[in-house]
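Colleague: Could you take me through this one? I'll ask as I go.

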Amino acid sequence: MLDDNIVIKGNRDGINAVINMNKFRDFDEMLEVLIEKLSKGRAFYKGSTLKITTDLKFINNREFSKLKDILFNEFMIKDCIMEEKNDKNNKIFNGIYEGRTKFLRRTVRSGQVINYPGNIVIVGDVNSGSQIFAGGNIIVLGALRGTVYAGHGGNSKAIVAAFYLQPEILQISDLMTRSPEEIGRPGYPEVAKIKGDTIIVEPYLPNKFL
Amino acid sequence: MGEAIVVTSGKGGVGKTTTTANIGTGLAALGKSVVVVDGDTGLRNLDVLMGLENRIVFTLMDVIENKCRLKQATIKDKRLPNLFLLPTAQTRDKNDISVEQMEKLISDLKEEFDYVIIDCPAGIEQGFENATACADRALIVVNPEVTSVRDADRVIGKLDAKGLENHELVVNRLNYKMTQNGDMLDVCDILDSLAIKLIGVVPDDKSITISTNKGEPIVLDEKACAGQAFRNIARRIVGEEVQFMDLSSGESGLFSSIKKLFGAK
């Protein structure tokens, strides 16, 4: 049900509405549900200050002013403050040496998206046009030709390793890079990691191959 | 109960319809009762390839809308008595058919025929959804081009997500000489990136164009190289073990060996 998508609660700072935009198809649907919720306690909200906590990237200026109009005119709300939602789940994943890991025993194909707040091991290929988001490391026992985001959420110690490392885009934490244009296919597995403030790619055992 | 096979690719122009017509005809030539279904509503072509375009009275759309019986819409082939075509409407579009309607239609057809071959339209929209929804097996057609392989990869991913994991690869329009020179993707390269089972390789053949325009599937042409390739695929579909053709054999005549002697390409 749509119940937990909008949670309205009171705390020290006043009334706070936490809206999970991911659960709604669009802004209008969210607005409908919000109005329905607020309608139940119309008198209670009158003259109060409402703080709305949500993913602000889903709401544009026009929609925001529409929301304000409704709140001010229909519910007589005195003031409305928007706040970016800091999801508590978005904590940095710390288990890159030992921790939660997902194993995928198949090829990830074009158009498929894998999202996991931990390490990901893929026994298969990652083809171009696919996306992988991992909170920790990404290990591919095969060819990596897709787009990968390791340490998604901010862990800059995360690594990306593959037998054949040729990603479209490789991002670790907040550093992003892509494969060099000239394709020289090395015959050994490679590891990408952050050193200083750049991403470096090296053989998985430097002493063995260099 | 028959088997429904969808012929798909993602990318357009790789030879889905040609493959459908030829494999359908090839299976019928092996004595199976076969119906080929055109899934490309609004842009139908399968009837032309089968040479049956002026026999269309009712279409798949009429069956779905209960304007006629299934028997009335299926057209018997000119050459083979156990081969039928179910054409689609040219004046409608793919959104006019729902997945449920298509599922019902295909399951009705499966009662009557050994093989139901569905020609899937290009793209991954409603037409694709309809054509693949009720299939038991998929043939994925690729050309030895990066674009085609990439689209095929997407399509295989979509099929896997639907739970249709019985899929095989047809490499169409392979030019042996060009792969030898490294100008074209090799079958191994394609298999390497798609990682699925190969069921056949069809060489590039000019006579396909002629057969398409004439409405005579090339599989019936005993001499054509591409015809042989399609016959082999049909035999593999029914479960026979057939060796893969040596595509270099077309080049090994006396003339080309003389050419080789002088190092001409």
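Predicted model: local features only at pLDDT ≥ 70, side-chain atom pairs only at ≥ 80, totals over all residues.

Colleague: How many bridges join strand S3 of chain A to S4(A), and do they run parallel or antiparallel?

Modeller: There are 6 bridges between S3 (residues 49–54) and S4(A), and the two run parallel. A:Thr49 stands opposite A:Asp79 in S4(A). Strands here are DSSP E runs of at least two residues, helices H or I runs of at least four, numbered from the N terminus; two strands pair if DSSP finds at least two bridges between them.

Colleague: What is the strand order in the open sheet of chain A?

Modeller: The order is S1-S2-S3-S4, with mixed pairing. S1 (6–11) and S4 (79–84) of chain A each have a single partner strand, so one side of each lacks a neighbour in the sheet.

Colleague: Switching to chain B, how many residues has helix H11?

Modeller: H11(B) has 13 residues, 225–237. Its buried residues (20 or more other C-beta atoms within 10 Å of their own, C-beta atoms being placed from the backbone) include B:Phe230 and B:Ile233.

Colleague: What comes just after H11(B)?

Modeller: B:Gly239, with a positive phi of about 110°.

Definitions and conventions: Residues numbered from 1 in each chain as written. Chains lettered and ligands numbered in written order. Expected span 1.5 Å × (residues − 1). Buried ≥ 20, exposed ≤ 12 C-beta atoms within 10 Å, placed from the backbone.
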